[in-house]
Number of protein chains: 6
Amino acid sequence: MSSIRVRQIWQQGGAVVNGWLAIPSPFAAELMGRAGFDSLVIDMQHGVQDYASLVPILQALDACPVTAMVRVPWNEPGIIGKCLDAGAKGIICPMVNSAAEAEALVQSCRYPPRGSRSFGPIRAGMGRPTYWKEANDEVIVMPMIETAQAVANIEAICAVPGIDAFYVGPADLALSLGCPPKGDADDPKVLAAFDTVLAAAKRAGIQVGLHNATPEGALRQIARGFTFATIANDASFLSARAIEVTGAMRKGLGQAAASGAARPGY
Amino acid sequence: MSSIRVRQIWQQGGAVVNGWLAIPSPFAAELMGRAGFDSLVIDMQHGVQDYASLVPILQALDACPVTAMVRVPWNEPGIIGKCLDAGAKGIICPMVNSAAEAEALVQSCRYPPRGSRSFGPIRAGMGRPTYWKEANDEVIVMPMIETAQAVANIEAICAVPGIDAFYVGPADLALSLGCPPKGDADDPKVLAAFDTVLAAAKRAGIQVGLHNATPEGALRQIARGFTFATIANDASFLSARAIEVTGAMRKGLGQAAASGAARPGY
Amino acid sequence: MSSIRVRQIWQQGGAVVNGWLAIPSPFAAELMGRAGFDSLVIDMQHGVQDYASLVPILQALDACPVTAMVRVPWNEPGIIGKCLDAGAKGIICPMVNSAAEAEALVQSCRYPPRGSRSFGPIRAGMGRPTYWKEANDEVIVMPMIETAQAVANIEAICAVPGIDAFYVGPADLALSLGCPPKGDADDPKVLAAFDTVLAAAKRAGIQVGLHNATPEGALRQIARGFTFATIANDASFLSARAIEVTGAMRKGLGQAAASGAARPGY
Amino acid sequence: MSSIRVRQIWQQGGAVVNGWLAIPSPFAAELMGRAGFDSLVIDMQHGVQDYASLVPILQALDACPVTAMVRVPWNEPGIIGKCLDAGAKGIICPMVNSAAEAEALVQSCRYPPRGSRSFGPIRAGMGRPTYWKEANDEVIVMPMIETAQAVANIEAICAVPGIDAFYVGPADLALSLGCPPKGDADDPKVLAAFDTVLAAAKRAGIQVGLHNATPEGALRQIARGFTFATIANDASFLSARAIEVTGAMRKGLGQAAASGAARPGY
Amino acid sequence: MSSIRVRQIWQQGGAVVNGWLAIPSPFAAELMGRAGFDSLVIDMQHGVQDYASLVPILQALDACPVTAMVRVPWNEPGIIGKCLDAGAKGIICPMVNSAAEAEALVQSCRYPPRGSRSFGPIRAGMGRPTYWKEANDEVIVMPMIETAQAVANIEAICAVPGIDAFYVGPADLALSLGCPPKGDADDPKVLAAFDTVLAAAKRAGIQVGLHNATPEGALRQIARGFTFATIANDASFLSARAIEVTGAMRKGLGQAAASGAARPGY
Amino acid sequence: MSSIRVRQIWQQGGAVVNGWLAIPSPFAAELMGRAGFDSLVIDMQHGVQDYASLVPILQALDACPVTAMVRVPWNEPGIIGKCLDAGAKGIICPMVNSAAEAEALVQSCRYPPRGSRSFGPIRAGMGRPTYWKEANDEVIVMPMIETAQAVANIEAICAVPGIDAFYVGPADLALSLGCPPKGDADDPKVLAAFDTVLAAAKRAGIQVGLHNATPEGALRQIARGFTFATIANDASFLSARAIEVTGAMRKGLGQAAASGAARPGY
């Protein structure tokens, strides 16, 4: 069995409970790292993260029982290589809409002969001289399926060797289908697209993950076939709890609750 | 009426709902700054904060409807001056156990003739040439009462001019009294000490604040006479919500919940 | 009328007085933010800025009466999305030389159906659940016209829907035309190119901005038709004033002025 | 002659033109470092500086023709030692009001046998194995004289061996004497205090420096006997120039100038 | 047996091999953390470290098999508390010259009733609700003995309850005794002082550590009775190896070796 | 003769001894900068570096006798321009596999008319108004030759005007040729590829550099014709020395050496 927790769960037929890091603080990250998630994704696309915050977060997560992965800002070989070298165990890549884009992603994530990842695993290979032999089997490659175009191309994308899982972005997929972006998708067009992706992926032996707003939504989608479920992110956890607390105080004090509160849970 | 929200609430006889910032991230701070608190305290003593994180947090909070204050790491004039110059509207100072220590705190917070704060309000006075005339009436000075010794000296401390409010630290007070440190105090010895402080402060026209673990605990203490109530901190909000979410997922998936989760809510 | 100050000025037929941030310090930024500019651009291309400095600067500027925008380092969707999510109200993009490059820029800046910006406005949408509906009308898109090729293609570029304004880079345009790079352009070839851009833009209802070295130069160019004028940058302001001061001191002390002083005003 | 530029100027009977760094940016610092100053002081007391910004600024100034010194936040041996180890060539220390406080400062700045500075010049001694023998003759020790009490004790302070120069803080001195804080002092009580300090220092062979608002003010005070003159700081340089520029633009555009602009020049 | 590696070694009668971190980089720290040391000390006194670099280094070391401790910049309760809360397993404190100073150090490091450490172990107690009960037995308290005065007072210092070990600073001790500071001490006066400290400590059941320049020097001193030995620091390791490498290259290329190279090994 | 040390050595027919910076610390960088290297390369591809660490390192190296260059993460005009503007004297660019990719690199590095680098040398041109005229002759452009494809295309790549030197990456080249990645290459296929590159470059008047693991390996390759030799990096220097030291201590103490130590020397 793989030493990577996410792979272990998939090998056992389970579903991964994933957390999402938008707050650029290693301290916030280790709080999340000890909260019971199987894996955590540092979100360099929409999160308030860049390489300068990524590295200390990966270092802090090395002491936590989670698989640490990265959503990169774009399908660009420079940043993908940097994240893997820094120790990310997997890459979620936004806006992979065609087989060519999926192939480019795999190229960036795999060493030769499968791909063209450049060698220099400065943190990933620390203390592991054989990392280069094992990396292609370890690193989890997850292209995002989040447009109508990607759904239309799903069979071709499934045919690209080297993909471990898809990650479905429901907000972008909804917008692309002319629906409003929702945290827990319920529009029939969006759900139909989910099913198209799930069916194609199942035939190809590829796992499928999804971003969700709530545990209830996530559990519903796991029942639909998803095997990797993110619930909101650290920023919305913090904000939601704080708003609950001030609401309870205002109610107890007989005051009106504040309006216009933060809502960062993208 | 004062332009400072915390002073306004006190002038109207109300109780301040205060948040507490331990995560060294301006982004986390602005989420808290939009969650409905009257005021926020950046905790440089036990929080993961120092001057390098303080300044961008104060800058971010300038755009939020809260009074931003600082708990300094110690009763030391250098750091107190730096926090005030950086724009803190108030100072909470730990371990003020005697009138002499309270006088030293006031000296550090007030310009002459009352005190000996050094002049140079680099952010506090930005665009306000008259800041130096108004600062002594604006800056909120809150010594912490958190030892048996401080409670014993409370009358003498109350007699030091220039104190706006006390801030009671229940965990340290409990330890000092031989009780375990609890988030929401319920030990009779600790509650008796609360009452001693509240009574003396009331006679002296001084407000009293308290750190609490939950809204329920905070509301109980406001009923006892406290007029400034902190509920836990941002780190425990994040951690608690994350643990709830993973618990709901584990329950939904029929798995055992993770144990040994984070518990940073000091 | 738009809530965005830059759009308001344009709607009223005025010219925007813009400042330029090359110093990677939120404190320097808020000094600029209180100095009377209508808007400020954080320069991630030639300024000493990256995403790590961008975010705290945007946070500090939230408390200042300016429209905060970003010049991105390149026409790349990853960084453009990150800047918009972080709260930039507009994007200035270098080296847009063709209609295809202009279209790519608009794609990166607009949500579907007009573009393909990915959804996740973590700071931009804080407290605004309807941001996604309003963003396409708010975000200011300003491709840079700064090569002979771009001037030659200006009609085709004007025909790309979704461009609010051009931003003319006089130094690169001069180099591209075989002229030396000057802060306040006066070479006839450069001025002729300005006029070509201004005329085409006017026909298309597109505003045109320009980088300048001095207020005098900027006012001359506003008279020519530009409606958005940057004057130098914060680094050259600091440097120029410091050199004036040491010059006055050397003169007063009867000493020779220092030579070889800094000249960072690019 | 000393290899330290400030000492050279004093040995030649001249006056030092000093700059002041409040902006926590090494880039801003090197602009100041190339603007013609003899020396620069990183202001850790009222500037937006701490040790985290100090070190890269000292590194950047190593390539500039200036003597780099530090104003520490307080007369505390820990931070004084850290600044000297980091490579500061001199220490300006606030609020030295008695001979005992001056002696404490000298103790912190000098190695045995004169003082008790702890050994470990990690940057100061880089490539110089003999630094420990030379440091006591090199490091410039400048207690601040900025209260009525300090002026009253000036003879006793002068008698403490190991002081190179005083640094007079006119704003704090004015407040201490019941006068408003001004950038260029002109109150007779303040000027009389200046003369008291200058006279005592001259008898003791000690140089005297002063903070000023303008070159004109600085030159007037040099004529009075000061031999080290600071003019404002980097933050006020930036702010003043920016306000001039927007003022010129508003005038040229026929608009009212913005009011309430920044005024950070403390 | 204690869960703290340093305590385990002492309980077994062994000597601790300690490394020293002066480079403010969590990446450099984790390289040291995997290099075979029993413990590492982050040097906030003479190292290029402050709280901002301390926290991510402690986070990175959580994943390494070492006991992480801190040398604080001074015997000041604010910073000592912050380091312990951040997760340091021990405190080395400079310049403890008397029993009163040793008592102050113990007060800062121990919770009541032994001491007056303030409660709030934000990282130290993460996931450990019982930390406050166990901390007094875990935290290693090591006052530095590094002056003639401290050696003269060694019996009185030994009598202060709560000291686990002394840490002897040979450079400061040498300077205090009128000897040059050496990495591996060999002056008879210094060695005699070592023996005085070792003898008193042995009678009191206190361990004694020493800073050394080389493994050879460290082994000699362990033979003398020291049970905790630091060898140089990360900065001198890096510098020494780099100078060896360039020396080998210059020799191979038939060139003169560079002189004046770095020597940061304080 | 050029003012750039690397160019001087080449003009004199010598070989450059180059160091490699993977640790994101300006302090570590200046230790390397004083260790006897001719040049240093900040590695933004595999090193733990980004723009946020690059700038203070370049500032620190301005005071050291080395030519400071950058390996960029990828052949992308945005980051190449930022590095040059920040003051890098040369660019090493990974994975240049064709003449078209080499041409793109040259375009990014040279001002018109040769290239299309955008003008704004904010640090590179500090105090040098004529920088734009001189930059094309100064900036060192070094595409990496590190795949079988690049070796096959070497003649076409050599024909692209504006290349100063190649930099051969032996690990990636080995992987691309089906060999294991080694620090000091010895596989005949790899050595044959070296010779192909060296021969073509010699005919074209282009220098060739190589990454090596040891001085012995580097000297062997200089004898083969390379004129620029890197030896490992700062991270492996630190790690190797630390492991030597703990090994010597374990041996002296009669203990087994630690296994599984760090090995970051990529």
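Okay, before anything else, one definition: when I talk about a rotation axis, the copies have been superposed by least squares on the C-alpha atoms of residues with pLDDT of at least 70 in both. And a reminder that this is a predicted model.

Let's start with a pair of chains. In general, two copies of a chain are related by a rotation about an axis and a shift along it. To put chain B on chain A, you turn by 180° and shift by 0.0 Å along the axis, and the RMSD comes out at 0.0 Å. So the two copies are related as by a two-fold rotation axis. Which residue of chain B comes closest to that axis? That's Leu238(B), with its C-alpha at 2.3 Å. Both copies use the same surface here, as 100% of the contact residues of chain B recur in chain A.

What does that contact consist of? Chain B puts in 41 residues and chain A puts in 41 residues. On the chain B side, the elements giving two or more residues are β1 (16–21), α2 (26–33), α11 (215–224) and α12 (234–253). The top contributor is α12(B), with 17 residues. If you sort that side of chain B by class, you get 30 nonpolar, 7 polar and 4 charged residues.

Now for another pair, B and E. Chain B goes onto chain E with a rotation of 120° and 0.0 Å of shift along the axis, again at an RMSD of 0.0 Å. That is the relation of a three-fold axis. On chain B, the residue closest to this axis is Ala52(B), at 4.1 Å by C-alpha. This time the copies use different surfaces: 4% of the contact residues of chain B recur in chain E.

For this contact, 24 residues come from chain B and 21 residues from chain E. Helix α9 of chain B, residues 170–176, gives the most on the chain B side, with 4 residues. By class, that side has 15 nonpolar, 5 polar and 4 charged residues.

And some pairs don't meet. Chain C and chain E do not touch, with their nearest C-alpha atoms 16 Å apart. Chain B and chain F have no contact either, and their closest C-alpha atoms are also 16 Å apart.

Okay, on to a single chain; I'll take A. Chain A has 12 helices and 8 strands. Its radius of gyration is 19 Å, close to the 18 Å that the globule rule gives for 266 residues, so chain A is as compact as a globular protein of that length. Along the principal axes, its C-alpha atoms fill a box of roughly 70 × 45 × 30 Å. Buried residues make up 68% of the chain. And if you take contacts between residues at least 6 apart in sequence, 60% of them join residues at least 24 apart.

One helix to look at in chain A is α3, residues 51–61, where 10 of the 11 residues are buried. Among them are Tyr51(A), Leu54(A), Ile57(A) and Leu61(A).

You can see how α3 packs by switching to chain C. There, the axes of α2 (residues 26–33) and α3 (residues 51–61) come within 9 Å and cross at roughly 35°. The crossing is right-handed. The residues making that contact include Pro26(C) and Ala29(C) from α2(C), and Pro56(C) and Ile57(C) from α3(C). In total they divide into 6 nonpolar, 2 polar and 1 charged.

Over in chain E, have a look at helix α11, residues 215–224. Its buried residues include Leu219(E) and Ile222(E). What do the buried residues of α11(E) pack against? They pack against β7 (207–212) and β8 (228–231) of chain E, together with α12 (234–252) of chain F. After the helix comes Gly225(E), with a positive phi near 135°.

Most residues other than glycine have a negative phi, and most peptide bonds are trans. Ala232(A) has a positive phi, near 50°. You'll find Ala232(A) in the loop between β8 and α12 of chain A, and it is buried, with 27 other C-beta atoms within 10 Å. Met95(B) also has a positive phi, near 55°. Met95(B) sits in the loop between β4 and α5 of chain B, and it is buried too, with 22 other C-beta atoms within 10 Å.

As for cis bonds, one joins Pro112(C) and Pro113(C), with omega about 10°. Pro113(C) is in the loop between α5 and α6 of chain C.

Conventions
Residues numbered from 1 in each chain as written. Chains lettered and ligands numbered in written order. Predicted model: local features only at pLDDT ≥ 70, side-chain atom pairs only at ≥ 80, totals over all residues. Contact = placed C-beta atoms within 7 Å. Nonpolar A, V, L, I, M, F, W, Y, C, P; charged D, E, K, R; others polar. Rg over C-alpha atoms; globule rule 2.2 N^0.38 Å. Buried ≥ 20, exposed ≤ 12 C-beta atoms within 10 Å, placed from the backbone. Axes fitted to C-alpha atoms, helices over the stretch in contact; angles between N-to-C directions. Left-handed = near helix turned anticlockwise from the far one by under 90°.
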